[in-house]
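Have a look at the model first, then read on.

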Amino acid sequence: MTMKMKVLMKLPDPDPEDEEEEDEEEEDAGKAAPAMPPPLSELWKEGVYEWFGSALTSAQRLEFCCGLLDLCHPLELRFLGSCLEDLARKDYHSLRDSEIRANSAADLAGIGDPRDEVTRSKLVVSLALLGSENREAAAVLAR
């Protein structure tokens, strides 16, 4: 399954007359203005989406996202947190049973050998859905 995501970014169109006036004002003030980055082309963004969606494994995508989040300012993180909560609400009912199992110490105790690929996959799901306050289930996973 390939997931396509389009993010539309609208940047202000610079007016050439305004730019000339700004340049003159900056020269008068004697300060250099920070350079505006060039607008991202749609082709470049589509290439990043394709790379992110198909060339990276799940673990690599998570690591990349964490790295990007590390670069964000607090206000941006708050906004992204709100977006993530909205997205997570959509899957709440489908993940509810898995979340209950992931937070049950009894279910986690019999999960199996972590060297097995299927078991590791179950562990990843359990860790992702583990409640942050559930020390008992976390202790079972740590063993």
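Predicted model: local features only at pLDDT ≥ 70, side-chain atom pairs only at ≥ 80, totals over all residues.

## Ground rules

Buried means under 20% relative accessible area, exposed means over 50%, and partly exposed is what lies in between (1.4 Å probe, protein chains only).

Residues are numbered from 1 along each chain as its sequence is written, and side-chain values use heavy atoms, with hydrogens and water left out.

## Confidence and overall build

pLDDT is the predictor's confidence in each residue, from 0 to 100. The protein has a mean pLDDT of 77, with 73% of its residues at 70 or more. Among the elements, helix 4 gets the highest mean (92), while helix 1 (residues 16–29) gets the lowest (51). Over residues 1–12 the pLDDT stays under 50, and the model gives that stretch seven contacts beyond four places in sequence; a contact means heavy atoms within 4.5 Å.

Eight helices and zero strands make up the element list. Both kinds are DSSP runs numbered from the N terminus: helices are H or I with at least four residues, strands are E with at least two. Of the 143 residues, 10% count as buried. Among contacts with a separation of 6 or more, 49% come from residues 24 or more positions apart.

## Helix 2 against helix 3

Two packed helices are described by the angle between their axes and the distance between the axes. For helix 2 (residues 42–55) and helix 3 (residues 58–70), the axes come within 8 Å and cross at roughly 135°. Axes here are lines fitted to C-alpha atoms, for helices over the stretch in contact, and angles run from 0 to 180 degrees between N-to-C directions. Under 35 degrees counts as roughly parallel, over 145 as roughly antiparallel, 65 to 115 as roughly perpendicular, and the rest as oblique. Helix 2 and helix 3 are therefore oblique to each other.

From helix 2, the contact uses Trp 51, Phe 52, Gly 53 and Ala 55, which meet Gln 60, Arg 61, Phe 64 and Cys 65 of helix 3. The contact residues split into five nonpolar, two polar and one charged. In this scheme Ala, Val, Leu, Ile, Met, Phe, Trp, Tyr, Cys and Pro are nonpolar, Asp, Glu, Lys and Arg are charged, and the others, Gly among them, are polar.

## Salt bridges

How many salt bridges does a search of the whole structure find? The search finds four, where a salt bridge is a side-chain nitrogen of Lys or Arg within 4 Å of a carboxyl oxygen of Asp or Glu. One of them joins Asp 86 and Arg 89 at 2.5 Å, N to O. Both residues lie in helix 4 (residues 74–90), three residues apart, about one turn of the helix. Asp 86 is partly exposed at 44%, whereas Arg 89 is exposed at 54%. Glu 85 joins Asp 86 and Arg 89 in a salt-bridge network.

Glu 99 and Arg 96 pair up at 3.5 Å, N to O. They are about one helical turn apart because three residues separate them in helix 5 (residues 92–102). Arg 115 and Asp 113 form a salt bridge at 3.3 Å, N to O, and Arg 115 is exposed at 70%.

## A buried serine

Ser 126 sits in helix 7 (residues 117–129). Ser 126 counts as buried because its relative accessible area is 7%. Leaving out residues up to four places away in sequence, Ser 126 touches Ala 102, Leu 108, Ile 111 and Leu 141.
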